[in-house]
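Reader: Please take me closely through one part of this model, starting from a single side chain, and state the cut-offs behind each term as you go.

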Amino acid sequence: MNSWLIHHKLPLGPWLASGVDFLTSHGQGFFDFISVALGAVIAGITYLLLILPAPLMIALFVAGAYALHRSIGLSVFIALGLLLVVNLGYWQASIETLSLVFSATLFCIVIGVPLGIAAAHRPVLYQILRPILDLMQTIPTFVYLIPTLVLFGLGAVPGLISTVIFSIPAPIRLTHLGITSVPLQLREAGEAFGATKTQLLFKVELPYALPTIMAGITQCIMLSLSMVVIAALVGADGLGKPVVRALNSVNVSMGFEAGLAIVILAIILDRVCKRPERR
């Protein structure tokens with residue numbers, strides 16, 4: 001039986017390869033357009049973040065964090081952490097990583113939150129989405145890089161698309177969870193006051209589900225940061241490049257410094273993106 005199963009292997013790999021070949025031969029113009037458009041978005045965000053000197057950008061980050069959280073400790077940590085990144089020589093790479101993370105998170109919010117809301121109001125849609133989301137979260141991250149590399153070529157675009165695919169299940173699931181957890185009494189109260197479905201969504205459901213949705217966005221940011229580093233294998237700029245170079249050349253010092261910069265960015269993003277505590 002074992003030999004029979006081995007010799008009668010299903011040609012799943014050739015089928016997938018033929019599908020990718022069909023897409024590349026018949027839709028190359030479409031993929032080139034997407035690549036150029038997304039590349040321009042990433043380049044524009046990177047240019048805007050790099051147009052100001054590093055000390056001024058750090059001051060703006062610190063001021064924004066303090067205005068959001070009113071925490072002196074967090075502001076001091078952000079200032080010292082980013083100054084350390086500048087001192088190590090990874091400021092531009094950090095900004096390139098941030099631009100990829102911001103772009104991926106923006107696309108995940110624009111696509112994922114409406115999908116989560118629609119899935120919460122239509123259980124059949126969520127039953128269709130759930131196995132797809134499970135598959136997207138369980139496939140190894142390196143597998144996403146192969147088809148996007150073939151379709152979009154080397155650069156930041158395949159890394160961005162792979163990051164979006166890897167990170168988007170989090171906002172979809174947590175938006176669905178937040179909307180479905182709205183108490184029935186709140187919905188009935190809104191309906192009793194004559195609220196339409198749109199008013200019920202924006203004035204009752206979304207305000208109640210906002211903490212859960214923000215948790216999904218924070219998780220999406222962390223997943224995007226982890227995937228952006230891996231995307232350096234397909235030519236994406238950022239802190240992943242020195243990590244890959246350090247692995248190839250067994251350069252311990254470069255790997256430690258780049259890894260420390262990634263950790264600092266991850267901690268800053270996690271602390272800043274958390275919902276401010278009510279005083």
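Author: S35 is buried, with a relative accessible area of 19%, where buried means under 20%, with a 1.4 Å probe and protein chains only. This is a predicted model, in which local features need pLDDT of at least 70 and side-chain atom pairs count only at pLDDT 80 or more, while totals for chains, interfaces and linings use all residues. Residues are numbered from 1 along each chain as its sequence is written, and side-chain values use heavy atoms, without hydrogens and water.

S35 lies in helix α3, residues 28-50 (helices are DSSP runs of H or I with at least four residues, numbered from the N terminus). Leaving aside residues up to four places away in sequence, S35 touches F152 and V157, contact being heavy atoms within 4.5 Å.

C220 accordingly is in no disulfide, and a search of the whole structure finds 0 disulfides.

Helix α12, which spans residues 197-230, has an axis that comes within 10 Å of the axis of helix α11, residues 184-192, and the two cross at roughly 160°. That makes α11 roughly antiparallel to α12, a term for angles over 145 degrees. Their contact is made by L186, R187, G190 and E191 of α11, together with L200, V204, E205 and Y208 of α12.

Notes. Axes are lines fitted to C-alpha atoms, for helices over the stretch in contact, and angles run from 0 to 180 degrees between N-to-C directions. Angles under 35 degrees count as roughly parallel, over 145 as roughly antiparallel, 65 to 115 as roughly perpendicular and the rest as oblique. Buried means under 20% relative accessible area, exposed over 50%, partly exposed in between (1.4 Å probe, protein chains only). A disulfide is a pair of cysteine sulfur atoms within 2.5 Å.
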